[in-house]
Amino acid sequence: MAKKILIIDDSAAIRQSITYILNQEGYETTEAKDGQEAIDMLPTLDGIDLIITDVNMPNLDGISFIRKARELAKYRFTPILVLTTESQGTKMNEGKEAGATGWIVKPFSADKLLGIVRKVAE
Amino acid sequence: MKKKPTQKLIAPEGALGIEAASPLRQELLAAFAGSDEVLFDFSLAEDIDLAVLQVLYAARRSAELGTVRFSLMGKVSEKISRRLQVAGFTRTPCRTGEELEASLVDYGSATK
Amino acid sequence: MIDGFKESFREEAEELLSGLEGILLELEARPGDPELLNAAFRAVHTIKGSAGMFGFEAIGRFAHDLENIMDRIRSGSLPMTKGFADLALASRDHIRTLLAADEAPGPAVEARTSELVEALRAYAAKGARAFEPESAEAPETRADASTEKPGSEGEETVWRLSFKPGEGVFRSGTKVLRLLEELSELGDCACFPHTERIPELGKLDPEACLTSWDAIIASGKGPDAIKDVFIFIETESEIALGKIEEAAILQEREEPKKLGEILLERGIVTRAAIDEALQSQRRLGEVLVEKKLVSKEQVESALVEQEHLKRVQERQVDTGAASIRVASDKLDQLVDLVGELVTLQARLSQTALGIQDPGLTGISEMFDRLISQLRDNTMSIRMLPIGSTFNKFRRVVRDLSLELGKDAELATEGAETELDKTVIEKLGDPLVHIIRNSLDHGIERPADRLAAGKPRSGTIRLSAMHSGAYVLIQVADDGAGLDRAAIKAKALERGIIGPGADLPDQEIDQLIFAPGFSTAKTVTKVSGRGVGMDVVKREIDSLGGTVLLKSERGSGTTMTLKIPLTLAIIEGLLVKVADEFYVVPLSSVDGCIEIRSDEVAERDGKRIMTYRGELLPFVPLRAWFDSPGEAPAISQIVIVNALESRIGFVVDQVIGDYQTVVKPLGRLYRNVRGLSGATILGDGTVALILDVNRLSQAVKRDPAGRAARDEASPDA
């Protein structure tokens with residue numbers, strides 16, 4: 001069964017490219033443009049195997065999104081990856097504290113992305 | 001007057017991830033309280049997480065401490081068999097619960 | 001493949017840039033507006049983050065500098081000036097140019113880039129004392145990392161890995177078995193799980209990771225690749241990776257021989273067949289199977305044996321590993337032995353003092369130093385950072401505040417503070433209880449907080465720090481503080497205090513520690529389950545610790561646990577009453593004074609003395625413990641700090657400092673109030689360790705000192 005992945009990023013370009021890479025590998029994807037939209041979507045989604053979220057987003061940032069998502073019984077243990085840039089080393093820790101499973105450092109290659117996705121979602 | 005020994009079969013379905021661990025523990029606790037033998041059937045399980053495996057180990061420990069028998073049975077999926085082998089829980093591929101029961105590392109007598 | 005999205009990025013960046021322009025212009029009008037600063041930062045950040053992904057590395061590097069400054073302006077470490085607004089606008093325009101220029105910017109564009117970067121860096125350097133050039137170099141180092149030798153399969157090395165995932169890793173969504181699979185993808189890998197921490201069902205926390213592994217992996221990938229497997233959980237897990245140095249080379253060469261030997265020993269193959277098979281460069285087992293000289297099962301069985309030998313051998317050759325695993329009961333034994341040594345040393349130094357032989361004194365002193373080093377070392381082996389338990393509390397706060405409809409966060413401090421392993425284990429439950437109590441009774445509902453002019457979300461601050469031979473663990477909330485009127489009313493209702501009792505605030509606060517006390521108006525799932533703070537207090541007492549409580553109505557409650565670093569050895573003052581030896585924990589001793597026995601008798605009715613200008617109660621231990629015989633003409637009073645008050649204990653003789661090993665009390669003494677343990681002196685005599693806090697409380701309640709013995713006896 002194909003794994004389902006939710007991608008949250010305010011940059012459509014990033015979202016689309018991640019979607020593209022993941023679809024190529026047979027993953028099913030859903031997109032949200034910020035944390036708030038994602039939080040609103042979560043209860044309606046079914047069987048999400050992984051969430052990939054950006055950190056800096058309008059409305060609801062990635063860290064707050066993770067905190068909120070972890071409060072929902074359905075998403076208590078869902079793997080969550082944080083998209084971050086190296087200049088934000090502290091965000092990795094913040095993300096982990098909030099309940100993230102790991103992180104992906106931007107910019108990343110398709111292989112890197114897939115490697116990390118396999119690490120946490122398979 | 002002896003009662004007829006009671007059996008309880010537990011056969012969870014699908015990918016048994018961490019979210020399945022706590023409910024499974026509850027189910028097993030209830031089963032241990034009310035039966036003479038508890039059977040865990042792998043047939044419907046597609047995948048297994050470490051958390052769930054730990055629950056099975058714990059159930060075995062409980063069985064050793066008490067009078068309830070606890071056994072593994074049913075066909076073990078390819079995925080589960082491979083995962084357990086890679087992580088060192090078994091030396092050889094085990095495709096049935098019975099085989100698993102005989103080969104799981106430290107499964108039998110780790111309690112002091 | 002990502003190039004397909006270049007256009008899409010370009011459009012998006014254009015949009016962001018025009019937005020940024022508006023924001024920067026508005027910032028000129030409202031320079032400090034945090035909303036605007038955030039928006040500007042976010043725009044630059046997004047452009048930077050995405051640029052590199054779509055091949056616009058030049059933009060990525062350039063925007064990095066701009067982003068850095070904006071981040072610092074927004075956090076207040078750099079000022080927002082008109083000069084910067086101009087610079088930022090110019091930079092924005094330049095990003096547009098770079099965007100249009102695609103991958104190959106001409107020399108003119110590059111010159112402009114350097115010019116602006118210089119200006120940006122100058123601004124950053126001027127604006128703040130500490131300019132970190134390292135941040136500007138980040139893109140370069142990253143480029144290095146990404147060109148990390150993709151095809152460079154190094155020489156195969158054998159690694160030994162010990163991997164103990166943090167107990168909380170499941171809760172962050174980590175799939176541990178998957179990580180081991182990833183590890184096995186790096187090379188030839190054999191994992192040995194340890195499951196002995198998994199308890200029976202009833203005691204199992206199904207969401208705690210209780211399994212750990214030892215693994216042997218032969219891989220051409222470097223140590224970083226192996227460590228990278230665990231990168232997401234490395235902070236909360238124990239991971240030790242060691243190269244199996246010469247042993248590895250030895251094993252590599254000997255492996256075929258050994259397998260061959262096993263097969264030979266078992267009479268399965270002949271020497272000639274093995275020698276022939278060894279000529280080929282392939283694995284011996286494979287060759288032999290292929291030639292139908294042995295069955296696959298036979299080889300496999302031999303391999304199991306070989307692996308076993310390997311394991312045994314590796315345990316002996318423990319060269320490379322950064323850490324070793326030791327059964328904790330062995331450690332306990334070591335601590336016991338060190339304790340005996342410490343005791344014996346105390347006796348030696350006393351004997352040496354009596355003999356006054358310079359040679360012996362010298363040896364004794366040296367011995368003393370060595371033994372205290374040995375003691376510290378041994379104790380440090382048992383020390384663990386308390387932070388490992390903090391995550392659990394975070395979880396408690398999160399789950400509970402949700403359940404109670406409150407909004408609270410846990411802030412932690414001093415996670416690196418180390419404490420004896422047993423102490424940490426025993427602290428878990430009391431701390432959970434205190435934190436729950438804070439959330440339940442302390443932190444107000446969001447609406448009430450807002451009404452009181454507090455931030456909507458409450459904070460519970462959990463901190464740990466060293467203080468001498470103690471660790472102070474503090475749980476402070478910014479909640480409503482103790483409701484003293486309610487506490488008093490409840491205490492009255494429960495018959496804990498009599499009607500009309502006029503208690504100072506401090507003593508009212510202490511009432512919450514009284515057995516069976518609970519102020520919750522409704523019985524929530526959380527507190528009010530019958531177990532109250534009295535249980536917490538009892539548990540902390542059993543650790544030899546104390547609980548201090550400070551509360552201010554309206555602004556919060558702070559509970560401080562003062563816990564001894566270790567349970568096993570304490571420094572004490574050895575005293576004598578009649579023929580009995582007692583040890584007073586040195587950390588609570590304030591001082592000693594002499595007293596004539598007639599003064600003790602004279603003041604017997606009141607039992608008050610003056611000490612450093614303060615009136616203190618005192619109690620003759622002789623009477624308290626019903627010791628036989630008469631007190632000497634001159635007795636000593638040991639003044640101790642108990643909880644928040646001082647008290648003196650009259651003893652016959654103060655013998656001196658004494659390091660002692662605590663042993664649990666035997667059945668005989670278990671019910672005697674005021675004792676916390678026993679110790680055996682160098683000559684085999686038993687000394688009892690005074691529980692200063694309990695003793696002082698017991699004295700307060702029962703100043704006559706009668707019937708101090710055996711609470712359980714019917715005549716008590």
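Modeller: Two strands pair if DSSP finds at least two bridges between them. Helices (H or I, at least four residues) and strands (E, at least two) are DSSP runs, numbered from the N terminus. This is a predicted model, in which local features need pLDDT of at least 70, side-chain atom pairs count only at pLDDT 80 or more, and totals for chains, interfaces and linings use all residues. Residues are numbered from 1 along each chain as its sequence is written, while chains are lettered from A and ligands numbered from 1 in the order in which they are written.

Biologist: In what order do the 5 strands of the open sheet in chain C lie?

Modeller: The order is E14-E17-E18-E16-E15, with mixed pairing. Strands E14 (589-596) and E15 (608-611) of chain C each have a single partner strand and stand at the edges, so one side of each lacks a neighbour in the sheet. From one strand to the next, the twist averages 35°.

Biologist: In which sense do E17 and E18 of chain C pair?

Modeller: Strand E17 (residues 634-642) and strand E18 (residues 645-651) of chain C are antiparallel, over 7 bridges. Ile637(C) has Val650(C) in E18(C) as its bridge partner.

Biologist: How should I read the packing of two helices?

Modeller: Two packed helices are described by the angle between their axes and the distance between the axes. Axes are lines fitted to C-alpha atoms, for helices over the stretch in contact, and angles run from 0 to 180 degrees between N-to-C directions. Here, helix H1 (residues 12-24) of chain A and helix H1 (residues 6-29) of chain C have axes that come within 8 Å and cross at roughly 160°. That makes H1(A) roughly antiparallel to H1(C); the term applies to angles over 145 degrees.

Biologist: Which residues make the contact of H1(A) and H1(C)?

Modeller: Ala12(A), Ala13(A) and Gln16(A) meet Ser8(C), Phe9(C) and Glu12(C). Residues are in contact if their C-beta atoms, placed from the backbone, lie within 7 Å.

Biologist: How many residues does each chain give to the contact of chain C with chain B?

Modeller: Chain C gives 26 residues and chain B gives 27. On the side of chain C, helix H7 (176-185) and strand E2 (188-194) are the elements that give two or more residues, and H7(C) gives the most, with 5 residues.

Biologist: How is chain B itself built?

Modeller: Chain B has 4 helices and 5 strands, which follow the pattern β-β-α-β-β-α-β-α-α along the sequence. Among its contacts between residues at least 6 apart in sequence, 70% join residues at least 24 apart.

Technical notes:
Parallel < 35°, antiparallel > 145°, perpendicular 65-115°, else oblique. Contact = placed C-beta atoms within 7 Å.
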